[in-house]
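Subject: Structure handover

Hello,

I am passing on the structure we spoke about, together with notes on what was found in it. Please look through the model first and then read on.

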Amino acid sequence: MDTPIENHPHLVKTVVVPAAGLGTRFLPATKTVPKELLPVVDTPGIELIADEAVKLGATRLAVVTSPSKQGILAHFNRFPALEETLIEEGKMDFLAKVVRSAEIINVTPVIQNKPLGLGHAVGLTEDVLDADESVVAVMLPDDLVLPCGIMNDMAAVRAEFGGSVLCAFEVSDDKVSDYGIFAVESTASDDVHRVTGMVEKPELADAPSRFAAAGRYLLDREIFAALKRITPGAGGELQLTDAIQLLIDEGHPVHILIHRGKRHDLGNPRGYIPACVDFGIRHPEYGPTLLRDIKAIIAEFEEE
């Protein structure tokens, strides 16, 4: 990529988006449609991630996909026949949306032939990075972290403390065993903690904190060397958390930034439906009518 790193406000040029998963929690919908293309109102989740990457100042989206999920990459292509039809029909608002998706950011495909874990997916992107990139951002497309912009704040934390910075959110006691939980030490900031370890889905009594990973990472380039030195973990996969733990063990600074806003999990219907409602009722065109209809549906349901 021609743009030098100095022209990126947070020194982040590449955002890695692991999107090679099978989407099993959304079957049968995801037999033919990648879950990353399921719309949040009228915008696919992968496009929301692209918007967030641009807000961070990145100019490259490295999308890790499987050979059977090329539709994700196609979403960012131009569609001349469709565009011509929209022009002929005078549907300029829709034309703007179609053209915009092809112009948001430069998309680089990375193919993961087998689902060998998040760590494996991230490791495949090393050759995509330019020589002047010392940090790589990773955004998991299942996670919508709102309001958009948490990674900009994470970049500020990295500028102060160095190393790697992860986004975290505080979970209730009954949710602790659903997430990877950070062991942390306090810093001068209530929202920034130094990570001393990570525990995957602990029982409540064994949880070192209530801070869970939120699908946003700013990783020092040393992560690629660490990924080459770990062995397969849970499920026979290369786990990104194992590589981060290796960096921690070797004295590499790793911090979390606590996110105090909202988070939606687009990876399963239980999280996807509330995300659509949340975005829908705030939509300038659909919002007022949708809010009225939802209230009517709830009232009818409660009467039943």
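Helices and strands here are DSSP runs, a helix having at least four residues and a strand at least two, and they are numbered from the N terminus. On that basis the chain has ten helices and 13 strands. Please keep in mind that this is a predicted model.

Overall size

The C-alpha trace spans about 60 × 55 × 40 Å along the principal axes of the chain. A compact globule of 304 residues would have a radius of gyration near 19 Å, and the chain has 20 Å, so the two agree.

Two packed helices are described by the distance between their axes and the angle between them. For helix H9 (residues 269-281) and helix H10 (residues 287-303), the axes come within 7 Å and cross at roughly 130°. Angles over 145 degrees would count as roughly antiparallel and 65 to 115 as roughly perpendicular, so H9 is oblique to H10. On the H9 side the contact is made by Val 277, Gly 280 and Ile 281, and on the H10 side by Gly 287, Leu 290, Leu 291 and Ile 294. These contact residues divide into five nonpolar and two polar, with no charged residue.

Which of them gives the most? That is H4, with four residues. By type, the lining of the second largest pocket divides into seven nonpolar, four polar and six charged residues.

A cavity

How many cavities of 30 Å³ or more does a search of the whole structure find? The search finds one. The largest cavity holds about 50 Å³ of space. Its lining consists of Lys 35, Glu 36, Gly 45, Ile 46, Pro 141, Asp 142 and Leu 266. Three of these lining residues are nonpolar, one is polar and three are charged.

Backbone points to check

Most peptide bonds are trans, and most residues other than glycine have a negative phi.

- Leu 27 and Pro 28 are joined by a cis peptide bond, with omega about 5°. Pro 28 sits in the loop between strand S1 (14-18) and strand S2 (39-40).
- The peptide bond from Leu 146 to Pro 147 is also cis, and its omega is near -5°. Pro 147 belongs to the loop between strand S7 (143-146) and helix H6 (150-161).
- Leu 11 has a positive phi, near 60°, although it is a residue other than glycine. Leu 11 is in the segment before S1.

Regards

Terms used. Residues numbered from 1 in each chain as written. Predicted model: local features only at pLDDT ≥ 70, side-chain atom pairs only at ≥ 80, totals over all residues. Heavy atoms only, no water. Axes fitted to C-alpha atoms, helices over the stretch in contact; angles between N-to-C directions. Parallel < 35°, antiparallel > 145°, perpendicular 65-115°, else oblique. Contact = heavy atoms within 4.5 Å. Nonpolar A, V, L, I, M, F, W, Y, C, P; charged D, E, K, R; others polar. Rg over C-alpha atoms; globule rule 2.2 N^0.38 Å. 1 Å grid on protein atoms, 1.4 Å probe; cavity = no way out; pocket = protein on both sides within 12 Å on 5 of 7 lines; lining within 4 Å. Points joined across faces, edges and corners; volume = space filled by probe spheres on them.
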